[in-house]
Every structure is written in C-alpha cells, then in structure tokens.
Amino acid sequence: MLDWTVAGPSFLTAAVEWVEAFTIVLAVSLSIGWRAASGAALTALTVLAAMTAIASGVLGLGLEIRWLQLTVGVFLLLFGVRWLAKAIARGAGLKALHDEAQEFADARAQLARGDWLASWLIAFKGVLLEGLEVWLVVVALGLHGRAWVSSAAGALAALLVVVAAGAMIRAPLARVPENAIKFAVGAMITAFGSFWTLEAIGGAAAWPWGDWSLLGLAACYALGGLALVALLRQPATVGAA
C-alpha cells in the first residue's frame, strides 16, 4: 500500500520538474523532430532509472544509513529552503513568476543557432538536470520508513501525467500553478530535511512525537513563509523628512 505522506510530496515536486523538462523537449522536437527529441529524453530517463535502481539496492541492503540520512537530509534541507525562498520572493512580487512560455521561446532561439547533435544534447541535458532534482527527492523520501515504492511511484505518476497532458495540448504547460506548488512542496521538503538531519544527529530522541513532527514542521515553515510574503508585500515606509 502506498504511503501518501511520501507519494504526495514526491508527485508534486516531480510534476514541477517534469513540466520544465517537457518544455525543453517540446522546443527541441520542433527543431529535430519528436522521434529524436523523445530519444534524448528516454536516454536521460534511463540514466535516472539506473541511478534509482542503484540507490534502491543500497537502501535494501539493510546497512546502517544514518550517514546517508544526514547527507541527504542536509541536501534536502538546502533544496527545500531554495524552493521556499523563491516562492516567497515571487509571491511577494520581488521576483518575476517563472514563465514556461518564455523558457520555450528561449530554448527555440538557442536551438536555432545549433546543429542536430547540439539540439539532441539540449533535450538530454534538460531532462537529466531536471530529473536529478526528482531523483534526489525520490531517494530522500524513500528513506522515510523505507517508503521507496511510494516515493518512486509518486515521481513516476507525475511523469505520466505531464507527458499525457503535454501530448494532448502540445504546448508548454504554462497554466500549472507552479509557484503555489513550489511553496507547498518547499515547506514539506524543508520539513523532511530538518527532520532527517536532526534525527541522524540525535537519533529517535530528537523527535519525541515521531512522524507527527513532520506535520508541525511543515505547518511552521508554511505559516512562516506566508507571513514573510505578507510582510514583504507591504509598501515601503516613507522616510522621515
């Protein structure tokens, strides 16, 4: 049975990354065709699948993973804080919202200056780089109670949904509420990163309430982020005469 406390964050995080990867692949397909662009994407996904299988095998050995939990926890904490900070800045109007249509146009402009191989590599690199963030989240969430299947299933489901939606509309998925998703996922990922980092250092005693602490951490980060958005949106105080 799937653990939805793991599959949910995995799905949302992966969905954002897969949308960005799809935008790149779509732009490349208009230059070298769908078959070549899809081949590049599948090659990158194969690399990511191999990395996932290796990570799953390591976790399945039953070895002491506290050191791995600490390493991944720190990276996940940094990853979540970065997402949350960007979402807060965009929500407060301090940073422009991510524009998939503009990214699509920029990718096409870059492709116009390159050859077939360069275009293929752009699609491969785009999927691989976006997928690496998905891989990190899948591995990190898979550490939570060894919920490896739930974590991978969430990311795979997101990939299928994005590909199906993209195949139907054949356009950048610009209507996805990316900033809202990044804010929510940023809070959850930061909570997971905090939880595992301190648990790796202090053991189970670091969190007397166990997994319930994750809900409190996520709520704390989310409410703090919303407070920052409201604070930063306030007009600047006029200086004293």
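A residue is called buried when its relative accessible area is under 20%, exposed when that area is over 50%, and partly exposed in between. Leucine 70, at 31% relative accessibility, therefore counts as partly exposed. The model described here is a predicted one. Its chain has 241 residues, of which 46% count as buried.

**Overall architecture**

- The secondary structure consists of eight helices and zero strands.
- Along the sequence, the pattern reads α-α-α-α-α-α-α-α.

**Helix H1 and the residue that follows**

- Helix H1 covers residues 4-32 and has 29 residues. At 1.5 Å a residue, H1 should span 42 Å, and the 39 Å between its end C-alpha atoms agrees with this value.
- H1 is mostly covered, since 22 of its 29 residues are buried.

- Helix H8 comprises residues 212-233, a run of 22 residues. The distance from its first C-alpha to its last is 32 Å, close to the 32 Å expected at 1.5 Å a residue.
- Which residues of H8 are buried? They are Ser213, Leu214, Leu217, Ala218, Gly225 and Val229.
- Viewed down the axis of H8, these buried residues fall within an arc of 145°, so they line one face of the helix.
- An α-helix has 3.6 residues a turn, so residues three or four places apart point the same way.
- On the face of H8 turned away from the buried side are the exposed residues Trp212, Leu215, Cys220, Leu223 and Leu231.

**A nonpolar surface patch**

- Leu70, Val74, Leu78, Leu198 and Ile201 make a nonpolar surface patch of about 430 Å².
- Helix H3 (66-91) and helix H7 (178-202) are the elements that each give two or more residues to this patch.
- The most is given by H3, with three residues.

**The salt bridge**

- Side chains of opposite charge can pair when their charged atoms come close.
- How many salt bridges are counted in the model? The count comes to one salt bridge.
- This salt bridge joins the side chains of arginine 82 and glutamate 133, with an N to O distance of 3.1 Å.
- The pair links distant parts of the chain, as arginine 82 lies in helix H3 and glutamate 133 in helix H5 (residues 116-142), 51 residues apart.
- Arginine 82 has a relative accessible area of 34% and is therefore partly exposed. Glutamate 133, at 22% relative accessibility, also counts as partly exposed.

**Aromatic pairs**

- The count of aromatic pairs comes to three.
- In one of them, the rings of phenylalanine 22 and tryptophan 34 have centres 6.4 Å apart and planes at 35°, so the pair is tilted.
- This pair links distant parts of the chain: phenylalanine 22 belongs to helix H1 and tryptophan 34 to helix H2 (residues 34-59), 12 residues apart.
- Phenylalanine 22 is buried, at 9% relative accessibility, whereas tryptophan 34 is partly exposed, with a relative accessible area of 30%.
- The rings of tryptophan 120 and phenylalanine 124 have centres 5.7 Å apart and planes at 10°, so this pair is stacked.
- Both tryptophan 120 and phenylalanine 124 lie in helix H5, four residues apart, which is about one turn of the helix.

- Alanine 37 is located in helix H2. Is alanine 37 buried or exposed? With a relative accessible area of 0%, alanine 37 is buried.
- The C-alpha atoms of alanine 37 and tryptophan 120 are separated by 6.2 Å, although the two residues are 83 residues apart along the chain.
- Tryptophan 148 is found in helix H6 (residues 148-169). Its relative accessible area of 13% makes tryptophan 148 a buried residue.
- Between the C-alpha atoms of tryptophan 148 and leucine 2 the separation is 9.6 Å, while these residues stand 146 residues apart along the chain.

Conventions: Residues are numbered from 1 along each chain as its sequence is written. This is a predicted model: local features need pLDDT of at least 70, side-chain atom pairs count only at pLDDT 80 or more; totals for chains, interfaces and linings use all residues. Side-chain values use heavy atoms; hydrogens and water are left out. The expected span of a helix is 1.5 Å times one less than its number of residues. Buried means under 20% relative accessible area, exposed over 50%, partly exposed in between (1.4 Å probe, protein chains only). The arc is that of the directions from the helix axis to the C-beta atoms. Patches are made of residues with over 30% relative accessible area and no salt bridge: like charges are joined within 9 Å, nonpolar side chains (Val, Leu, Ile, Met, Phe, Trp, Tyr) within 5 Å. Accessible areas come from the Shrake-Rupley method with a 1.4 Å probe; for residues, only the protein chains shown count as cover. A salt bridge is a side-chain nitrogen of Lys or Arg within 4 Å of a carboxyl oxygen of Asp or Glu. Rings of Phe, Tyr and Trp (its six-membered ring) pair if their centres lie within 6.5 Å; planes under 30 degrees apart count as stacked, over 60 as edge-to-face and the rest as tilted.
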